[in-house]
Amino acid sequence: GSGAGAAAGRRGGSKTKKKNGRSRGGKANNPPYLPPEVSSGGRRLKLVNPSQYRFEHLVTQMKWRLQEGRGEAVYQIGVEDNGLLVGLLEEEMRASLKTLRRMAEKVGADITVLREREVDYDSDVPRKITEVLVRKVPDNQQFLDLRVAVLGNVDSGKSTLLGVLTQGELDNGRGRARLNLFRHLHEIQSGRTSSISFEILGFNSKGEVVNYSDSRTAEEICESSSKMITFIDLAGHHKYLKTTIFGLTSYCPDFAMLVVSANTGIAGTTREHLGLAMALKVPFFIVISKVDLCSKATVERTVKQLERILKQPGCNKLPLLVNSDDDAVTAAQQFAQSPNITPIFTLSSVSGENLDLLKVFLNILPPLTNSKEQEELMQQLTEFQVDEIYTVPEVGTVVGGTLSSGICREGENLVVGPTDDGKFLRLKVCSIQRNRSACRVLRAGQAATLALGPFDRSLLRKGMVMVSPEMNPTICSVFEAEIVLLFHATTFRKGFQVTVHVGNVRQTAIVEKIHGKDKLRTGEKAVVCFRFIKHPEYLKIGAKLLFREGVTKGIGHVTDLQAITTKENGLEESLGPGQLSF
């Protein structure tokens, strides 16, 4: 963003501040006939009939802003550079929007008016400000992909809400909408989610919802969307807590949506899920569902209860109740800029009340990383986390997961491991699918499934990584982590066994040693040495860590690894003759 800053500086102004690819800045006022140029996140006083040169300049700038915001930018028209709300007359506004449309056409983007409001400016003629979202239809099938984990207590209406959003029809109050989401027979019978399922909701470049409602297939949704939201539907029941933790740690969601039912309020696993989102530093927003079942007073009581918990010292969040489209736009912009803001929606999956506000919010929600950070990740060596393993008839073994760094292409040779004896096996990526449609190249941060052809499935397990052969990955059985004990019944000491979650790794480990202490109590911090009991795992220093055993829970991060070296000859040839491709 230095270009914008420099350009602003040359015209005698203060610095522009960048956050999430949206810059905001104040500058010395320009002469009235020269509208402000680069900087200030798209505050445009007016864009009435610009000269050809100026038009080209504006277009270049729009390109830059779209690239920074990964395909999205918000323009405010009728706002002075220093944030003064001047407003434009009707015809000036019309002309400015026309120019903006022309600019957008030139770069191949679409524009949607988010909101307009009148300004009380000392004049008899009404003046308006308009906020416009510019979204570019991405080239090379690069849609914006946001992952939203869905949390909440059992029976709070998570799966039903997703069913309504992704299928486009309301629920009948008896769980019809969620039937499409369930993966197992016992889930349909009990109405409880036990596995992790993925649902997709698309928005096209005009900001309209693209879902299954017009009996589209997933491929069609991907093709016609410029922004995809993948919902990770997690289990609410306590019995499935380990699945929920796995979903939160391994699928690396950008945001979490905590669903609370209006009639029961904060119950069961709600607090725990809230704690998990906080511990893993996933920004979350809250949806209060089932408002059609109870009185206004009950809904207000639930909102108050939530606000009280969010404002507690441990949480330190600023609740923001969303009641109108205007609030939803503000919420999405604020939420992305400061993770302390927690938007709260009150809606019903049965009557459809306020469902549109959530859609507006999801449509505007910007991605967390800007294009620069993603570029940096893509330049590193390939590393793919294996979260799921399937066998598909006529395709062979398929693994699902997230590419945490680098780029993965079809036909690439990678190594997968560590196996139980700490080795890495060679394999070849035959084809790649993202959101159920084929894709040639996978970039860092994207989730996908890779087909591995005739590779033996029994050699794979969740928690393995696939990396490029030259990476020489470090694996370890013994590692140290700085932890905080969140809750514990008795004392936590040497020899204690816990289940450790680090990213997609999930394994039982024994506490070998607590540095400087012989035991830990609730709320204490320490550096602890763990040993995996079954097989070595691939870990990274600095990775977030969660562990649990019964009621014991703790969080922390990996500080040191005792690496086991893997030699090149440790690469097993698991491909038969005639399949060697390197």
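**Sheet and helices**

Reply: Six bridges link strand S11 (residues 255-261) to strand S12 (residues 284-289), and the two run parallel. Strands (E, at least two residues) and helices (H or I, at least four) are DSSP runs, numbered from the N terminus. Two strands pair if DSSP finds at least two bridges between them.

Me: What kind of model is this, and how are residues numbered?

Reply: This is a predicted model: local features need pLDDT of at least 70, side-chain atom pairs count only at pLDDT 80 or more, and totals for chains, interfaces and linings use all residues. Residues are numbered from 1 along each chain as its sequence is written, and side-chain values use heavy atoms, with hydrogens and water left out.

Me: Is S12 buried or exposed?

Reply: Six of the six residues of S12 are buried, so S12 is largely enclosed by the rest of the structure. Buried means under 20% relative accessible area, exposed over 50%, partly exposed in between (1.4 Å probe, protein chains only).

Me: Which way do its side chains point?

Reply: Phe284, Ile286 and Ile288 point one way from S12. Phe285, Val287 and Ser289 point the other way.

Me: What about S14?

Reply: Three bridges join S12 to S14, and they run parallel. Ile286 has Ile344 of S14 as its bridge partner.

Me: What is the order of the whole sheet?

Reply: Eight strands form an open sheet, S9-S8-S10-S7-S11-S12-S14-S13, with mixed pairing. S9 (209-210) and S13 (318-322) are at the edges with a single partner strand each, so one side of each has no neighbour in the sheet.

Me: New topic. How do H7 and H8 pack?

Reply: Helix H7 (residues 241-250) and H8 pack at about 25°, with axes 11 Å apart. Axes are lines fitted to C-alpha atoms, for helices over the stretch in contact, and angles run from 0 to 180 degrees between N-to-C directions.
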